[in-house]
Amino acid sequence: MSDPVTDLLIALRDNVMGVTESTLATSDGLVVASDANKTHPESMAALAAAGLALGNRLADHGGAGHLREITARGSTGHVIVTAVGDRALLAVVADDGLDEAAFRREIPALTAELRRHLDKDV
Amino acid sequence: MTQSGTEEPLADSRNVPALLSALRDRARSCTVLVTGTPGGSIHVRDGLVVAMETPGAPGIEGLLLRSGRISEEAWSAVRASDTTHEHLAAELVARGLVGAGELEVISLGALFDAAFALSLAVPDSWEVADPVPALHRNAGVTPERLLDEVSRRINLLAGEPGSVAALARTRVRSVSAAGLPGTAAGLPARHQEVLAHADGRGTARDIAFALGRGLFAVMMDLRHLLDRGLVQPHLPSAENRPSTAARGAPSAPLAGASAAPRSVPLPRREPGRNSAPELRPHD
């Protein structure tokens with residue numbers, strides 16, 4: 001009964017040191033899949049959707065081009081929200097030791113793969 | 001500032017320890033950037049290793065902040081006072097936030113721990129770059145001493161079955177009995193903390209970052225808990241997800257939606273199959 005999308009989220013935690021939790025949500029803030037234990041996926045989905053919408057406006061207002069991601073950087077960890085197409089988003093929680101190089105390598109392929117799965121939903 | 005442009009290229013760099021030895025012989029000051037899983041940067045001053053940063057083990061900043069040893073405000077003030085980030089350690093001590101000796105212990109501990117974490121992975125590649133500021137407070141360690149300490153740690157952990165790198169990759173979960181009263185009662189507080197964070201999602205490295213402790217120390221504790229049967233390797237399970245198809249009223253009724261549910265006969269009790277009561281004579 002293993003779902004391929006949840007497997008992708010678990011693989012992200014396996015492949016990138018420092019990733020602790022992740023939630024895939026629709027762009028209107030509903031949970032699609034999550035690999036979470038300490039965070040509440042429904043809240044994370046809603047906050048990430050609101051944050052990404054604000055980020056789009058911020059990037060637009062600042063003339064920063066197309067928004068790639070928004071990052072909340074804390075003293076002991078980060079939350080990074082990336083758009084997955086125009087239908088969904090991915091919120092990743094990481095600790096302060098996040099392997100940023102590995103994260104930058106993995107995220108484009110992961111979002112493309114997630115999009116392929118979500119595009120099958122018609 | 002650096003003489004890297006004027007010196008001859010480093011001939012002997014089959015591996016990172018050989019490169020560090022070559023840098024030691026030339027008393028170079030530089031940063032060795034290692035790529036891999038995990039990668040990291042090795043800060044070398046006058047041929048001696050003074051600090052290492054890697055995603056594989058908590059650094060000095062993480063250890064100080066996570067443990068609550070210094071507050072976020074105090075750390076921000078220290079960083080604001082030194083825009084070059086060259087004298088952060090001196091500033092921490094000058095402000096009385098951390099004792100000089102204590103910071104040296106933390107600095108050396110983080111250095112050995114990072115070297116241990118880097119030794120668990122085979123690096124993809126490495127390059128020597130100009131020195132950059134790194135938070136540290138120690139006189140520097142020779143590559144030989146660094147290697148000795150790393151092998152000592154690996155030997156301490158490898159006494160039991162299973163390789164050290166495999167243990168570092170294992171996601172551990174506390175067994176259900178570990179929550180029962182009395183089972184974990186005799187454990188020291190640091191073992192109980194590790195046990196509380198062993199939720200089947202994190203490796204030793206993740207627990208070390210969550211607790212603000214060293215990777216090697218957490219792995220020693222995990223080895224102890226594994227031997228006592230209080231934690232076990234975890235295999236993940238997953239559930240199905242809902243659809244992300246555009247929501248809205250369907251334009252036509254779904255085929256089959258109106259069909260009556262398939263009729264299934266009600267379960268019957270058959271005589272003799274269960275312990276049904278005997279037939280009474282007057283029925």
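Predicted model: local features only at pLDDT ≥ 70, side-chain atom pairs only at ≥ 80, totals over all residues.
Beyond its neighbours within four places in sequence, Ala204(B) is in contact with Leu167(B), Ala168(B), Leu215(B), Val218(B), Met219(B) and Leu222(B). As background, nonpolar side chains in soluble globular proteins tend to be buried together.

**Chain B overall**

Chain B has 10 helices and six strands. Of its 283 residues, 32% are buried. Among contacts in chain B between residues at least 6 apart in sequence, 68% join residues at least 24 apart.

**The two domains**

The domain assignment divides chain B into domain 1 (16-157) and domain 2 (164-231). Their C-alpha centres lie 25 Å apart. Where the two meet, 15 residues come from domain 1 of chain B and 14 residues from domain 2 of chain B. On the domain 1 side of this contact, H2, H5 and helix H6 (143-157) of chain B each supply at least two residues. H5(B) provides the largest share of that side, four residues. The domain 1 side divides into eight nonpolar, four polar and three charged residues.

Within helix H5 of chain B you will find Leu103(B). Leu103(B) is buried, with 22 other C-beta atoms within 10 Å. Not counting residues up to four places away in sequence, Leu103(B) touches Ala89(B), Leu92(B), Val93(B), Val98(B) and Arg137(B). Glu127(B) is 24 residues from Leu103(B) along the chain, and the C-alpha atoms of the two are separated by 29 Å.

**The four-stranded sheet**

Chain B contains an open sheet of four strands in the order S3-S2-S1-S4, with antiparallel pairing. Strand S3 (48-53) and strand S4 (125-129) of chain B stand at the edges with a single partner strand each, so one side of each is left without a neighbour in the sheet. From one strand to the next, the twist averages 20°. In general, strands of a sheet pair through backbone hydrogen bonds, either parallel or antiparallel.

Strand S1 of chain B (residues 30-35) pairs with S4(B) in the antiparallel sense over five bridges. Val32(B) stands opposite Val128(B) in S4(B). Helix H1 of chain B (residues 16-25) lies across S1, strand S2 (40-45), S3 and S4 of chain B, and runs at about 175° to S1(B).

**Where chain B meets chain A**

Between the chains, 25 residues of chain B are in contact with 28 residues of chain A. Helix H2 (60-66) and helix H9 (204-211) of chain B each supply at least two residues of the chain B side. H9(B) gives the most to that side, with four residues. The chain B side divides into 10 nonpolar, seven polar and eight charged residues.

**A closer look at helix H9**

How many residues of H9(B) are buried? Eight of its eight residues are, which leaves H9(B) mostly covered. They are Ala204(B), Arg205(B), Asp206(B), Ile207(B), Ala208(B), Phe209(B), Ala210(B) and Leu211(B).

What do these buried residues of H9(B) pack against? In chain A, they pack against strand S1 (19-26) and strand S5 (88-95). In chain B, they pack against H2, helix H7 (164-169), helix H8 (189-197) and helix H10 (215-227). Just after H9(B), Gly212(B) takes a positive phi of about 70°.

Notes
Residues numbered from 1 in each chain as written. Chains lettered and ligands numbered in written order. Contact = placed C-beta atoms within 7 Å. Buried ≥ 20, exposed ≤ 12 C-beta atoms within 10 Å, placed from the backbone. Pairing = 2+ DSSP bridges. Axes fitted to C-alpha atoms, helices over the stretch in contact; angles between N-to-C directions. Nonpolar A, V, L, I, M, F, W, Y, C, P; charged D, E, K, R; others polar. Domains from an automatic or database assignment.
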